[in-house]
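Biologist: I am new to this structure and would like to learn how to read its features. Please take me through them one at a time.

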Amino acid sequence: MKPINGAESLISTLVASGVDVAFTNPGTSEMHFVAALGRVEGMRAILCLFEGVVTGMADGYGRMKRAPAATLLHLGPGLAYGLANLHNARRAATPIVNIVGDHATYHAQYDAPLTSDVIGFARPVSSWVHMSMSAKTVAADGARAVQAARVAPGQIATLILPADTAWDEGSGAASALPVAAAATVSPRAVDEAAQLLRNGKRTAILLRGSVLEEASLETAGRIKAQSGARIMCDTIVPRLTRGAGVVEVERVPYFAEQIVDYFKDIEQLILVGAKPPVSFFAYPGKASWCLPEGCKVHYLAHVHEDGPGALDALADALRAPSEPVGRVDLRRPELPQGPLNAYTIGQVIGHFLPDNAIVVDEAATSARGTLKFTAAASRHDHMGLTGGSLGMGIPVASGAAVACPDRKVVCLQGDGGAMYTVQALWTQARENLDVTTVIFNNRAYGILRVELERVGAENPGPKSLSLLDLTNPELDWVSLGRGLGVESSRATTAEELADQFQSAMKGRGPRLIEAVM
């Protein structure tokens, strides 16, 4: 048999382990991996024009697929460019396998210009980091990386691939390694939660992770029917199934004082894959810990444990009824008329949103309208900005479209955040991804205007305010979208937006609509 090199061994191992998509932005050190992609069957390679798009697409893919994609990044600086969206992915518990090229092992001693501490860049966003030191071990290292990425509920594994370990003769593909299932919760945790729900105190159950998908929400609705407990989720979650036919879950507010008021009457909080609620930022004179004094916190399921199984066991322990409460009836909003704002845009989107869509939300201050008017729209999955680092919307939507090509993807994107990773539009065009991007064009970093006031920064002058302003010159999103190969249009009224969004929902392929507010 013809010998194969380390890169071919690694790709064959990834494919054998179920990783069949690679989002790439390669450089010189990765050229043998690139060449191997052309020789090894089974791996789809998708080019992205910026590493933040690479990692954001891997995040969107992993959130929807519940399985990892690979990334291919160029040395330490390439990984560093992708860190922001890896931070978001880590907060979303998204499984990702990063392949990061590096100088050949014998070349590192010379401190060439691109030499860097790749492990140092990788460690803050990775649960598993390893540098291959021989082409003979690359395949086994790749199998271990996939295994690490699949650890419940999902992790980022980073494998560093020095150039000579890619071009030297390899050992052939390694077999896929077993993946441990999520840990089973203890009967004691279930029994204690059941006791809390029977004691008559005001109780909330805070959900995160896979328990926010439809089947577990049904179980949560049954528990609510039996106990009267409130069912909640965090302000921003990796993925939430919502809309018609789905049990509704309350969303915790964003601002600290709102969270404090929201929980003021709660005496007991049961956590399923979630953490206790805290303020997103510290504010002068406002609380960071947002639960009332004396509120009992009980962990029914930690993040690494089987949340759906825990809810099932709790429902059995309570002898919950077979039917849940809180299932949403379809109520499409009426179409508005006149100027565009967060609410009229939300009405249009809620009216035309198709069944089984995927909604990726980085609309920031403009999100309140779409959240309100899609709550009883057609059933859909909603994904948010889990780590707070701007620039996830367009690439996460693009990755979701790769993972679920039969589902319509709608990206709700603020204009400021869109400029971080606008290059993802080019990949949408190249791959013909079925994503409709709605740009909320308020010509400002709107959330920062709010935060400037909230943190108590007094008397900002014109120079300070100009740092939050996106005019002079104004961004022309139609030109930007078309320049990157995406059909683009501009809407200035609700009527125009309705025509354009309805057309996008009926068609296929990438579309961009600039909604001028």
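Biologist: Which residues touch the most other members of the largest nonpolar core?

Modeller: Note that this is a predicted model. As a general idea, nonpolar side chains in soluble globular proteins tend to be buried together. Here the largest nonpolar core has 49 residues, and F23, M57, I358, V360 and V402 touch the most other members. Helix α15, residues 393–403, gives the most to this core, with seven residues. A second, separate core has 31 residues, including L212, L217, A229 and C233.

Biologist: What does V402 touch, if residues up to four places away in sequence are not counted?

Modeller: V402 touches V21, F23, R44, I46, M57, Y61 and L433 on that count.

Biologist: At what angle do helix α3 and helix α5 pack?

Modeller: In general, two packed helices are described by the angle between their axes and the distance between the axes. For α3 (residues 51–65) and α5 (residues 83–91), the angle is about 15° and the axes are 7 Å apart. Angles under 35 degrees count as roughly parallel, so α3 is roughly parallel to α5. The crossing of α3 past α5 is left-handed.

Biologist: Which residues meet where α3 contacts α5?

Modeller: From α3 come G52, T55, G56 and D59, and they meet N85, L86, N88 and A89 of α5. By type, the residues of this contact are two nonpolar, five polar and one charged.

Biologist: Is S216 buried or exposed?

Modeller: S216, in helix α10 (residues 214–227), has a relative accessibility of 8%. Buried means under 20%, so S216 counts as buried. Its contacts, leaving aside neighbours within four places in sequence, are S210, V211, P308 and L311.

Biologist: Where is there a cis peptide bond?

Modeller: Most peptide bonds are trans, and most residues other than glycine have a negative phi. A cis bond joins A152 and P153, with omega about 0°; P153 lies in the loop between α7 and β6. Another cis bond runs from N472 to P473, with omega near 0°. P473 is in the loop between α19 and α20.

Biologist: What is the phi of A93, and what is that of N356?

Modeller: A93 is not a glycine, yet its phi is positive, about 55°. A93 sits in the loop between α5 and β4 and is partly exposed, with a relative accessible area of 22%. N356, also a residue other than glycine, has a positive phi near 70°. N356 is in the loop between α13 and β13 and is partly exposed at 28% relative accessible area.

Note on methods. Residues numbered from 1 in each chain as written. Predicted model: local features only at pLDDT ≥ 70, side-chain atom pairs only at ≥ 80, totals over all residues. Heavy atoms only, no water. Core = buried A, V, L, I, M, F, W, Y, C linked by side-chain atoms within 4.5 Å. Buried < 20%, exposed > 50% of the residue type's maximum accessible area, 1.4 Å probe, protein only. Helix = DSSP H or I, 4+ residues; strand = E, 2+ residues; numbered from the N terminus. Contact = heavy atoms within 4.5 Å. Axes fitted to C-alpha atoms, helices over the stretch in contact; angles between N-to-C directions. Parallel < 35°, antiparallel > 145°, perpendicular 65-115°, else oblique. Left-handed = near helix turned anticlockwise from the far one by under 90°. Nonpolar A, V, L, I, M, F, W, Y, C, P; charged D, E, K, R; others polar.
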